[in-house]
Amino acid sequence: MQTPGSQSSLHRANLERVVRAVRLAGSLTQAEIARTTGLSAATVSNIVRELKDVGTVEVTPTSAGGRRARSVSLSGDAGIVIGVDFGHTHLRVAVGNLAHQVLAEEAEPLDVDASWVDGFDRAEALVGRLIDSVEVARDKVIGVGLGVPGPIDGESGNLGSTAILPGWAGINPRQELSQRLGVPVYVDNDANLGALGELVWGSGRGVKDLAYIKVASGVGAGLVINGQIYRGPGGTAGEIGHITLDESGPVCRCGNRGCLETFAAARYVLPLLQSSHGPELTMERVVELARGGDPGCRRVIADVGRHVGSAVASLCNLLNPSRVVLGGSLADAGELVLAPIRESVGRYAIPSAARQLSVLTGSLGGRAEVLGALALVLSEMGDSTLLGGFQEPVLLSSVR
């Protein structure tokens with residue numbers, strides 16, 4: 001039996017520190033593990049050897065700073081994680097391993113007016129199909145990350161009122177999917193998962209403070225502070241789409257007037273162009289036409305960029321992030337939207353905050369949220385799961 005402060009419990013704690021560092025990073029050299037955990041190089045070397053012997057980690061030769069090194073990652077056989085992303089018009093599922101490798105991924109259209117039961121039926125079927133495709137036993141699934149386009153109540157876990165997926169308000173998505181799949185489920189809104197995806201795999205790598213702004217059917221933000229998603233006590237942090245830009249502006253779905261969303265979201269922007277470009281116009285088509293030189297589409301995108309930039313300036317003055325990453329369908333416009341955003345930030349943000357800020361588009365495109373769902377599981381799962389079969393050596397001092 002382990003007692004607090006015993007050599008055995010200290011060893012177990014060091015094992016978990018090493019596994020946690022590797023799990024969060026995907027792969028690290030032994031020197032990087034030592035710096036991250038504060039353990040000595042000799043202790044790390046011994047622990048890595050033990051973990052390798054029991055199959056928890058894999059060690060491969062690499063180089064760091066021109067010198068030979070050993071890269072440590074969690075074993076591909078240690079388990080798999082699932083990411084599920086419900087969007088306004090799509091369902092996307094990905095399967096990954098604990099070494100941050102995506103093994104399979106698939107997306108399909110989702111009727112936004114479909115019932116939530118139908119949505120979860122399809123998610124369950126797609127998850128099963130992808131697990132079978134990678135030929136991994138279902139008992140190897142450690143957890144599922146789930147993204148939904150709406151606020152999650154921090155206490156109840158229920159999906160809040162949303163106009164993005166009508167009829168879904170009030171359900172508990174974590175509970176529903178966990179009952180279906182029989183594994184732990186971690187749930188968050190799509191903007192937070194987009195931020196996590198870009199932080200781990202995309203344009204946010206290497207920074208600890210960023211804001212991921214998603215402009216699509218709605219407008220939301222995922223906030224990363226000191227490397228962690230900030231959700232707020234009620235789980236609604238990042239609702240940047242409801243910053244008021246004009247008190248006399250259009251009525252928003254939230255009930256207020258002149259929110260950023262009423263100037264930037266697709267449902268408000270597209271009617272400005274449909275009389276001249278047809279009723280079937282989509283934001284993806286607007287971006288395509290703008291890139292091709294269409295003056296009306298360019299003007300609308302520039303206006304949206306300036307409005308988003310005003311909200312980003314307020315964010316800079318409050319939180320002073322080092323990077324803003326733009327996601328959603330508007331991100332494909334590139335500099336056509338980034339330049340107006342930077343212009344507004346330069347005009348309205350505190351000069352010192354504006355100078356430190358970089359504004360760029362996400363590099364993951366429509367995959368950001370589902371990859372963020374994988375990252376959510378990797379960040380939230382406990383390390384004891386990975387060490388469940390690890391046998392501690394019996395110490396003479398602990399024998400009574």
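Which side chain meets that of Asp-190 in a salt bridge?

1. In this predicted model, the partner of Asp-190 is Lys-214, with an N to O distance of 3.2 Å. The pair links distant parts of the chain, since Asp-190 belongs to helix H6 (residues 190–201) and Lys-214 to strand S9 (residues 210–215), 24 residues apart. Both Asp-190 and Lys-214 are buried.

2. A salt bridge also joins Glu-106 and Arg-129, whose closest N and O atoms are 3.1 Å apart. Glu-106 lies in strand S6 (residues 102–109) and Arg-129 in helix H4 (residues 116–133), so that this pair, 23 residues apart, likewise links distant parts of the chain. Glu-106 counts as partly exposed because its relative accessibility is 29%; Arg-129, at 41%, is also partly exposed.

3. Glu-106 and Arg-129 belong to a network of salt bridges that includes Glu-108 and Arg-122. Elsewhere, Arg-138 and Asp-132 meet through their side chains at 3.5 Å, N to O. The count of salt bridges comes to 19.

4. Helix H12 (residues 335–348) has 14 residues, which at 1.5 Å a residue should span 20 Å; the end C-alpha atoms are 19 Å apart, in agreement. Its buried residues are Val-337, Leu-338, Pro-340, Ile-341, Ser-344 and Val-345. Seen down the axis, the buried residues of H12 fall within an arc of 165° and therefore line one face of the helix.

5. On the other side of H12, Glu-343, Gly-346 and Arg-347 are exposed. The cover over the buried residues of H12 includes helices H11 (295–319) and H13 (351–356), together with strands S12 (323–327) and S13 (358–361).

Technical notes
Residues numbered from 1 in each chain as written. Predicted model: local features only at pLDDT ≥ 70, side-chain atom pairs only at ≥ 80, totals over all residues. Heavy atoms only, no water. Helix = DSSP H or I, 4+ residues; strand = E, 2+ residues; numbered from the N terminus. Expected span 1.5 Å × (residues − 1). Buried < 20%, exposed > 50% of the residue type's maximum accessible area, 1.4 Å probe, protein only. Arc of directions from axis to C-beta. Contact = heavy atoms within 4.5 Å. Salt bridge = Lys/Arg side-chain N within 4 Å of Asp/Glu carboxyl O.
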